[in-house]
Amino acid sequence: MDNASSFTMTLFRKARHYARKLWVRVVLIGLLAVLAVALSQWVELYVPDTLSRSLDGAAADRLLQLIASAMLAVTIFSITVMVSVYQSSSTQWTPRVHRLIMQDKTTQNTLAVFIGAYVYALLGIILRELGVYDDDRAFVLFWMTVFVLAVIVVYLIRWVLHLQDFGQLTKTTRQVEAVTRARFKERLETPCLGAMPLVGDVPEGAKPVKAWDSGYIQCIYPEAMNALAKECDVTLYLVRDIGSYVFSGDPLLCVEGAEKIRNWDAFSARLGEMLVLSDLRSYDQDPRFGLLVLGEIGSKALSPGINDPGTAIEVITRIGRILTGYEDENYATPATPLEHLHVAPLDPVDLLRDGFATLARDGAEVVEVQQALQQTLAHLVGHDDPKLSAAACDFAQESLARALNACGFDPDRDRITASAHPEVRGDNK
């Protein structure tokens, strides 16, 4: 991959990251509002006099005042609803899920439109007071304001429909599953993030690049890393998985051929710009985090205060649906592999434990949950990929032993055992 492609992909990853932030959308819509006001002033110059005088400035003033007063109240109400949903989702399900709700596109777009319309109305009122738009030439301003009102109505309708299930459990679990499946699919379409699979040990003599701070490996920019390694004629090995927590001084990467680098400090500093450490994990490049969040939702539902095994069963089926798409990254080669960067493939053992471990432990005494877990794992035992099949079999045996140990009623033990795969039960021995 050449430097231009590397720069493009890195820029795309950064743009996608910032596009999920509310303030970015608000700023963009606000700039569009300013542009709309300026555009209406420019278009007015080309409107015939007879047409421009068909509407006076008072008509536009009434619409602008309506937008300014209404949008302020609606925006405050919407923000109140958002904060309430964020707090309730953190309390009821898991604190890790509210960050996903904060990235909800419908919510962000609606707030951005409301604030943008408010900015537009304020600018229009100010320009009217300054005499930029006089009473004889407010034709375009009026119709531009009508268009803004139409946009507001559309987003109000979308917002009302969205509020019907905003923050509800089913909608929340569906959101987590959707983003996890998307990240999982994206990872498998570009196995090992487009790099070469790191199999076995790092070559002897490779020099480590140590963490400059403590935190989670939130994401990396693999194309930029590969371009830097190619430029320096070295090979990079990412020795910690994305989502792992590292302490300051722990090795992050190992560099093979480090003796060719003249300025090691400068090289390390450039690498530091291509690897993000944070106090929080992110769904980007980290499908394991989504599985962990789903598991936490199911585990919270099994707590005595909630006692909702149905939710735990729903979460188990969603996790199983995600893992069904697993493929061994060792045997998948990207179209243009990053030959100077090595990244470890996803381990099915880790994927299973991220998704099912808390449910297997906290729901050990709940017969229905254990039946659903064994049925889902039985499906994964029959998966085409031998690694996932073997890992699912081992995890199912462990979960079955825990459930049978926790359940003292023999008929319940028989029902759980009957739900397991024959290989897990040992019928083929």
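**Notes on the predicted model**

1. The largest cavity has a volume of about 150 Å³, where a volume is the space filled by probe spheres set on grid points that are joined across faces, edges and corners. A cavity here is a set of points, on a 1 Å grid over the protein atoms alone, where a 1.4 Å probe fits but cannot get out, and lining residues have an atom within 4 Å of a point. By this rule there is 1 cavity of 30 Å³ or more.

2. This is a predicted model, in which local features need pLDDT of at least 70 and side-chain atom pairs count only at pLDDT 80 or more, while totals for chains, interfaces and linings use all residues. Residues are numbered from 1 along each chain as its sequence is written, and side-chain values use heavy atoms, with hydrogens and water left out.

3. Which residues lie nearest the centre of the largest cavity? They are Arg187, Asp241, Ile242, Ala344 and Leu346, out of 16 residues that line the cavity. By class the lining holds 8 nonpolar, 1 polar and 7 charged residues, with Ala, Val, Leu, Ile, Met, Phe, Trp, Tyr, Cys and Pro counted as nonpolar, Asp, Glu, Lys and Arg as charged, and the others, Gly among them, as polar.

4. Helix H12 (residues 309–323) and helix H14 (residues 367–381) have axes that come within 9 Å and cross at roughly 5°, and the two helices are therefore roughly parallel to each other. Helices (H or I, at least four residues) and strands (E, at least two) are DSSP runs, numbered from the N terminus. Axes are lines fitted to C-alpha atoms, for helices over the stretch in contact, and angles run from 0 to 180 degrees between N-to-C directions; angles under 35 degrees count as roughly parallel and over 145 as roughly antiparallel, with 65 to 115 roughly perpendicular and the rest oblique.

5. The contact of H12 with H14 (heavy atoms within 4.5 Å) is made by Pro309, Ala312, Ile313, Ile316, Gly320 and Leu323 on the H12 side, and by Glu368, Val369, Ala372, Leu373, Thr376 and Leu380 on the H14 side. These residues divide into 9 nonpolar, 2 polar and 1 charged.

6. H12 also packs with helix H13 (residues 348–362), their axes coming within 11 Å and crossing at roughly 170°, which makes H12 roughly antiparallel to H13. From H12 the contact draws on Ala312, Val315, Ile316, Ile319, Gly320 and Leu323, and from H13 on Leu351, Leu352, Gly355, Phe356 and Leu359.

7. Cysteine 192, in the loop between helix H8 (169–189) and strand E1 (195–197), has a positive phi of about 55° although it is not a glycine, and cysteine 192 is buried, with a relative accessible area of 0%; buried means under 20% relative accessible area, exposed over 50%, and partly exposed in between (1.4 Å probe, protein chains only). Aspartate 233, in the loop between helix H9 (222–232) and strand E4 (235–238), has a positive phi of about 60° and is likewise not a glycine, but at 43% relative accessibility aspartate 233 counts as partly exposed.

8. Is serine 78 buried or exposed? Placed in helix H4 (residues 57–92), serine 78 counts as buried at 0% relative accessibility, and, leaving aside neighbours within four places in sequence, serine 78 is in contact with Leu111, Phe114 and Trp159. Isoleucine 76, also found in helix H4, is exposed, with a relative accessible area of 51%.

9. Leucine 22 is found in helix H2 and counts as partly exposed at 30% relative accessibility. Not counting residues up to four places away in sequence, leucine 22 touches Met82, Gln108 and Leu111. Lysine 21 lies in the loop between helix H1 (3–19) and helix H2 (22–44), and its C-alpha atom is separated by 8.2 Å from that of glutamine 108, 87 residues apart along the chain.

How values were computed. 1 Å grid on protein atoms, 1.4 Å probe; cavity = no way out; pocket = protein on both sides within 12 Å on 5 of 7 lines; lining within 4 Å.
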